Amino acid sequence: MPAAFATLEAWLAHIEAQHSRPIDLGLDRVAQVRDALGASSSARVITVGGTNGKGSTCAMLEAILHAAGYRVGLYTSPHLLRYNERVRIDLQEASDSDLCAAFAAVDAARCASAEPVPLTYFEYGTLAVWWLFCQKNLDVIILEVGLGGRLDAVNTLEPDCCIVTGVAMDHMDYLGDTREKIGFEKAGIFRAGKPAVCGDPQPPESLLAYARTIGADLRQQGKDYGFTGDKTQWNFQGRAQRRNSLAYPALRGANQLLNASTVLAALECLQENLPVPMQAVRQGLMTVELPARFQVLPGRPAVVLDVAHNPQAAAVLADNLSNMGFFPDTWAVCGMLADKDIAGSLQHMLPRVDHWLLCDLPGPRAASAAQLAEVLDASGCKASLACFASPAEAFAAARKQAAEGDRIVAFGSFLTVADVMCAAASR
């Protein structure tokens, strides 16, 4: 029998228990329940995949399209503090009641066959979001891929335009141990005859070959579109469209122009059905917000929050830190998951950190603070090391020891940053 719960917390506990594994890549089960749901929408669908930059790209798309007057639904993951963060309609988080209704619809569809179809937490959430968005008379739906692309639950939903922001080494247990293997998995969201925008300036050949093989309308960063700029403004050049004298995105970091230009390339692909005036582009870029992507909290010492959790993202974080100006000391609150490339990620941060405050994280996938310390010791790290039972404890120690002119950076995992965000908000 389909389940019925009165609260979002109860539904989330239920859906977490419906599959024996947290990740079970494949489309057959999800497609079966999708068909049983029978939900459809006339909205244009944009699917966003890639190793890093997905969140920023989705946020800029949402902000610009909303500024253009469209009704926009956005699905992202994971969340930091509340599940509702994953689902936004017209810039507002979905309500508990809407999410409960969506989960009930999915559970009824899941139980429609002789044997209930097992769904993972993410698969359940993806189908619930699709059902909910189909009830809301939206103009645009933006879907962020969870893991990979080819076998991700989001790939059961048909896109009008696909974006791969970039390809780097992450989730190698599932996607492969080379950029070529990972690139093939990411490219799996592309569709024949549909726009396929690649934001990676040096994409793996596997991604390009897949796009050619299926006949996707491939748009490459640096080939079909690109950007130029100076310290005050930047310009976009697409195949047939120019956007000049643009303000830099409100999101911090030099890498954001790669993401912003990819967003404008995707909008160029959709301009026949979703025309976007220059004023909407300007307003969207100036007002876009995204927590924990090089987010600097007000006050002293400076506190930087960044969910960087793989080598490429850590390298970008290190570069962004170097462009912040002078700080006598940098205190790093770091907790990571054991299935990440810990050594590769921490290596990029070594030149920027004077004091490491390493922390345990909850859950079976977590690396311990002691394991992180071992990796740093093996790297020849000369900075001070200390271990803590949680990110909040590590952050409290950093706050106590750091001088006003110093800097604290929390990174390594969504779990790390979420705990520090809560601790910072309560101080």
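**Entry 1: the whole chain**

I counted 15 helices and 17 strands in the chain. Both are DSSP runs, numbered from the N terminus: helices are H or I with at least four residues, strands are E with at least two. I noted that this is a predicted model, where local features need pLDDT of at least 70, side-chain atom pairs count only at pLDDT 80 or more, and totals for chains, interfaces and linings use all residues. Residues are numbered from 1 along each chain as its sequence is written, and side-chain values use heavy atoms, with hydrogens and water left out.

Next I looked up the dimensions. The C-alpha trace spans about 55 × 55 × 40 Å along its principal axes.

Then I checked burial. Of the 427 residues, 57% are buried. Buried means under 20% relative accessible area, exposed means over 50%, and partly exposed lies in between (1.4 Å probe, protein chains only). The accessible surface of the chain is about 17400 Å², and carbon and sulfur atoms hold 51% of this surface. The areas come from the Shrake-Rupley method with a 1.4 Å probe; for residues, only the protein chains shown count as cover.

I also looked at contacts (heavy atoms within 4.5 Å). Among contacts with a separation of 6 or more, 72% are between residues 24 or more positions apart.

**Entry 2: a sheet and its helices**

I picked out an open sheet of 3 strands, in the order β9-β10-β11, with antiparallel pairing. Strands pair if DSSP finds at least two bridges between them. The edge strands are β9 (226-229) and β11 (242-246), and each pairs on one side only. From one strand to the next, the twist averages 15°.

How many bridges join β9 to β10? I found 4, and β10 covers residues 234-237. Glycine 226 has glutamine 237 in β10 as its bridge partner.

Two helices came up here. Helix α9 (residues 256-269) packs on the sheet and touches β9, β10 and β11; its direction makes about 40° with that of β10. Helix α10 (residues 278-287) lies across β10 and β11 and runs at about 50° to β11. For these angles, axes are lines fitted to C-alpha atoms, for helices over the stretch in contact, and angles run from 0 to 180 degrees between N-to-C directions.

**Entry 3: salt bridges**

Side chains of opposite charge can pair when their charged atoms come close. I searched the whole structure and got 21 salt bridges. Each is a side-chain nitrogen of Lys or Arg within 4 Å of a carboxyl oxygen of Asp or Glu.

Arginine 34 and aspartate 35 form one, at 2.9 Å from N to O. Aspartate 35 is exposed at 53%, while arginine 34 is partly exposed at 24%.

Arginine 179 meets aspartate 200, with the closest N and O atoms 2.9 Å apart. This pair links distant parts of the chain, 21 residues apart: arginine 179 is in helix α7 (residues 179-187), and aspartate 200 is in the loop between β7 (195-198) and α8 (205-214). Is aspartate 200 buried or exposed? Aspartate 200 is buried, at 6%, whereas arginine 179 is partly exposed, at 30%.

Last, I looked up aspartate 217 and arginine 219, a salt bridge at 3.0 Å, N to O. Aspartate 217 is partly exposed at 24%; arginine 219 is buried at 12%.
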